[in-house]
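Here is a short briefing for a reader new to this structure. Look over the sequence and the model first, then read on.

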Amino acid sequence: MTAGLREDPGLWLLLHLRRPGDRRRDRQGTCSVCGWSGRQLYSSWVLSRQLARRWGDALAARESLFCERCGCSLRVRRIASVLVDLYAGGATTLAELVREDAFRALRIAEINSIGRMHPFLAEAPGLTHVEYPEEDIQALSFDDERFDLVLTSETLEHVPDPHLALRETYRVLRPGGRHVFTVPVDPSLTATRSRSGLAPEHHGRGGGPFGLVTRRADMLAHTDFGRDLPEIVGAAGFDVHTDGEGIELVVIATRPAERA
Ligand SMILES: [Zn+2]
């Protein structure tokens, strides 16, 4: 266990208190955040019973498969891989990337800490870290074109108006800057929909014994993103690229260098 994990007793418990059988879904791999090669620990208890019913094993895998050393989940490692692909000179991990001068020169906004990646990102001198809803992503307090890179993970689905939020991240990016993010995408939905009128769905609560505690506050989901996610992002003005498939999707939204 690293010092980082000691600071997060909830995660430490998730790694050590697992449903019998989860161990069989562990993987071996190299962590794109810290560089550790070893076990990645699956936990079905990262999801509430409600979320497990709707999303199943694929979302549990994405939200767990925790790196045994730094505690980053598969989702967080996916974002780190994309950042390495986009920005690295020779770095192969986020831990190395934050030591490269070009990355250290970037003005970065991390809106809601990206799990256990946050302590690594915090080494970048250009990082501005804020938390929604204290900082409203639908009405950001930052000047136009302030950032080179905006990062969000599992945030836009919790915002009443994600279209407005995307227009705001566009506004605070310089031309050519990028908003790299994840949201859960439901492959059975052709069109993104508001959840108003649907049964409330909360994220942040676990299953099994973790149903009794919240790792973060319960967060109501306002939007179910569907397969039209790229068009939704494009409508805010971005050029849209995606990396990965299905539940592992990472969106790379670039503010065009020159306005059309
Ligand atoms: Zn790691």
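A residue counts as buried if 20 or more other C-beta atoms lie within 10 Å of its own, as exposed if 12 or fewer do, and as partly exposed in between. Glu154 has 19 C-beta neighbours inside 10 Å, so it counts as partly exposed. The model shown is predicted. The points below go from the whole chain to single residues.

**The whole chain**

- The chain has nine helices and 13 strands.
- Its radius of gyration is 18 Å, close to the 18 Å that the globule rule gives for 260 residues, so the chain is as compact as a globular protein of that length.
- Along the principal axes, the C-alpha atoms fill a box of roughly 55 × 45 × 30 Å.
- Of the 260 residues in the chain, 40% are buried.
- Take the contacts between residues at least 6 apart in sequence: 64% of them join residues at least 24 apart.

- The domain assignment gives domain 1 (3–67) and domain 2 (92–254).
- The centres of domain 1 and domain 2, taken over C-alpha atoms, are separated by 21 Å.
- Domain 1 puts 20 residues into the contact, and domain 2 puts in 20 residues.
- On the side of domain 1 that touches domain 2, helix 2 (9–16) and helix 3 (49–63) each supply at least two residues.
- Helix 3 gives the largest share of that side, six residues.
- By class, the side of domain 1 that touches domain 2 holds ten nonpolar, seven polar and three charged residues.

**The largest nonpolar core**

- In soluble globular proteins, nonpolar side chains tend to be buried together.
- Here the largest nonpolar core has 63 residues.
- Val33, Ile79, Leu94 and Met117 have the most contacts inside this core.
- Helix 4 (residues 74–87) supplies the largest share of the core, six residues.
- Domain 1 (3–67) and domain 2 (92–254) each give the core at least three residues.
- Which residues does Leu94 touch, leaving aside its neighbours within four places in sequence? Leu94 is in contact with Ser32, Val33, Ala80, Leu83, Val84, Met117 and Phe120.
- Two of these partners, Val33 and Met117, are also named with Leu94 for the most contacts inside the core.

**Helix 8 and what covers it**

- Helix 8 spans residues 162–172.
- Its buried residues are Pro162, Ala165, Leu166, Glu168, Thr169, Tyr170 and Val172.
- An α-helix has 3.6 residues a turn, so residues three or four places apart point the same way.

- Is Glu131 buried or exposed? Glu131 is exposed, because 12 other C-beta atoms lie within 10 Å.
- The C-alpha atoms of Glu131 and Gly206 are separated by 21 Å, and the two residues are 75 residues apart along the chain.
- Pro133 is found in the loop too. The peptide bond from Tyr132 to Pro133 is cis, with omega near 10 degrees.
- Glu145 lies in the loop between strand 5 and strand 6. Its phi is near 55 degrees, a positive value in a residue other than glycine.
- Glu145 has 15 C-beta neighbours inside 10 Å, so it counts as partly exposed.
- Arg146 also has its place in this loop. With 17 C-beta neighbours inside 10 Å, Arg146 counts as partly exposed.
- Leaving aside its neighbours within four places in sequence, Arg146 is in contact with Arg107 and Val172.
- Arg146 and Ser194 are 48 residues apart along the chain, and their C-alpha atoms are separated by 30 Å.

**The loop between strand 6 and helix 8**

- Glu154, the residue from the opening example, is found in the loop between strand 6 and helix 8.
- Glu154 has a positive phi of about 55 degrees although it is not a glycine.
- Most residues other than glycine have a negative phi, and most peptide bonds are trans.

Technical notes:
Residues numbered from 1 in each chain as written. Predicted model: local features only at pLDDT ≥ 70, side-chain atom pairs only at ≥ 80, totals over all residues. Domains from an automatic or database assignment. Contact = placed C-beta atoms within 7 Å. Helix = DSSP H or I, 4+ residues; strand = E, 2+ residues; numbered from the N terminus. Nonpolar A, V, L, I, M, F, W, Y, C, P; charged D, E, K, R; others polar. Core = buried A, V, L, I, M, F, W, Y, C linked by C-beta atoms within 7 Å. Rg over C-alpha atoms; globule rule 2.2 N^0.38 Å.
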